[in-house]
Amino acid sequence: MSVHKPSLKDYLAICRFDHFTKHVFIIPGICLAYILRYQHVHIQWANILFGCIVALSIASANYAINEWLDRNFDKFHPDKSWRTAIQFNLDPRVVWLMWGGLVFIGLGAAWLAGKVMFIAGSLFVLQGIFYNVPPLRSKDRAYLDVVSESINNPIRLTIGWAMIDPTTLPPASIILAYWLGGAFLMAAKRLSEYRETNAAGQREELEKYRKSFLHYSELSLLISCVAYAMMSNFFMAVFFIKYRVEFIILLPMTTYLFCYYLAISMKPGSVAQKPENLLHERNLIVTMSALFVLFLLALFIDMPFIETLAVQKYIVLP
C-alpha cells in the first residue's frame, strides 16, 4: 500500500465515473414509457436531466462504499488489487462524506423529479447498503449476491421510465424480465471469474476475494445462468403478448443474445468480467443492433397472422 497521501483525484477515482456506460440500461425505460404512455404525458426535459443526476450520483455513491468496504477482499483479485482504496490510505471520513454528499444530490434530484423517481432513487441507495455494508452484505451469500446486485437493472429501467412518466411504474412483467436478465449477466460474470481463476489454480484466492464462491461450482453457476435466461425470456413473452403481440418475433433474437453472451463468458479473459467494457465487443454490438432493428419493425408494422396465432385457443384436428 502506498504511503503517499491520496489526492482529490484518488478520492474521485473510487466513484468510478468512467462506468457511465452501465447506465445504458436506462434507455429502454425511456423508450418503453414513450411508446406506452406518450398519449398521457407531456415530456419535461428537466425530468430527464434530474434522472441522469439521480443515476450518476447514486451509482457513484454505491461504487465509493463498494471500493472502500471491499478493500480487504479486492486485494486477492488479480485485477482489483490495483484499485485506489488498496493502493492508498484513504480517510474513511472523506469516503463516507462523499457517499453522503452524492446520495443527497441524487435523492434531491429524485425528489424534484417526482414520486416514482424518488422511489427508484431510494431503492438504489438501499441496494448499495444491502449489497455492501456489514452485517447485511448480501454479496457474500451465494445466489443472493446475484439477485441483490442485479436489482440495479430494473431500478435503472424505472429511472428511465420516470424521466418520461413521473406518475406510474413500468409493467411488472418487464421489471421482472429486466431483473432476471440482469441476474443472468451477473451470474455469467461470476462463471467467467470462477473458470479463469480455477484454471489458474487460484481457487483459494477467489474464495478470499468473495465468500459466496465458497458455495459455487462451475456447474451451479452455469445452471443458474440458464435458469435466469429462461425466466427472463418468459416474462418478456408475457410483456410482448400483453402490450403488442408483434414483439413476440424478438424472442428468437433475445434467446440468441443470451446464448452468445454465455459463450463470451466462458472465454479466457472474458469481457463479461468487466461489463463496463462491453461496448468494445463488436459482435455483441452488432447483435444488439439487429435486435433493435427487429424491435422497430415489430413496433411499426402490424402482423395480423401473429395475432391470429396468439388468440387461437385450440386447434381442431380434421
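Predicted model: local features only at pLDDT ≥ 70, side-chain atom pairs only at ≥ 80, totals over all residues.
Visitor: Okay, so what should α14 span, and what are its ends doing?
Guide: With 19 residues at 1.5 Å a residue, α14 should span 27 Å, and its end C-alpha atoms are 27 Å apart, which agrees.

Visitor: Which residues of α14 are buried?
Guide: They are L284, T287, L291, F295, A298 and L299. Looking down the axis of α14, these buried residues fall within an arc of 120 degrees, so they line one face of the helix.

Visitor: Why would residues a few places apart point the same way?
Guide: An α-helix has 3.6 residues a turn, so residues three or four places apart end up pointing the same way.

Visitor: What covers that buried side?
Guide: The cover over the buried residues of α14 includes α2 (26-37) and α13 (251-265). On the face turned away from the buried side, α14 carries the exposed residues R282, V286 and F300.

Visitor: Which residues make the nonpolar surface patch?
Guide: F292, V293, L296, L297, F300 and I301 make it, and the patch comes to about 570 Å². One of them, V293, lies in α14 (residues 282-300). V293 counts as partly exposed because its relative accessibility is 47%, and that class sits between the 20% and 50% cut-offs.

Visitor: Changing topic: how many salt bridges are there?
Guide: The count comes to 15 salt bridges. One of them joins the side chains of D70 and R210, at 3.6 Å from N to O. D70 is in the loop between α3 (45-69) and α4 (71-74), and R210 is in the loop between α11 (203-209) and α12 (218-243), so this pair ties together parts 140 residues apart in sequence.

Visitor: Are D70 and R210 buried or exposed?
Guide: D70 is buried, with a relative accessible area of 1%, and R210 is buried too, at 6%.

Visitor: What about R83, which partner does it have?
Guide: R83 forms a salt bridge with D74, with the closest N and O atoms 3.0 Å apart. R83 is buried at 18% relative accessible area, and D74 counts as buried at 1%.

Visitor: Which residues are joined into a network by shared partners?
Guide: Salt bridges that share partners join D70, R137, K139, D140 and R210 into one network.

How values were computed
Residues numbered from 1 in each chain as written. Heavy atoms only, no water. Patch = residues over 30% accessible without salt bridge, like charges linked within 9 Å, V, L, I, M, F, W, Y side chains within 5 Å. Areas by Shrake-Rupley, 256 points an atom, 1.4 Å probe, with all protein chains shown as cover. Salt bridge = Lys/Arg side-chain N within 4 Å of Asp/Glu carboxyl O. Helix = DSSP H or I, 4+ residues; strand = E, 2+ residues; numbered from the N terminus. Buried < 20%, exposed > 50% of the residue type's maximum accessible area, 1.4 Å probe, protein only. Expected span 1.5 Å × (residues − 1). Arc of directions from axis to C-beta. Contact = heavy atoms within 4.5 Å.
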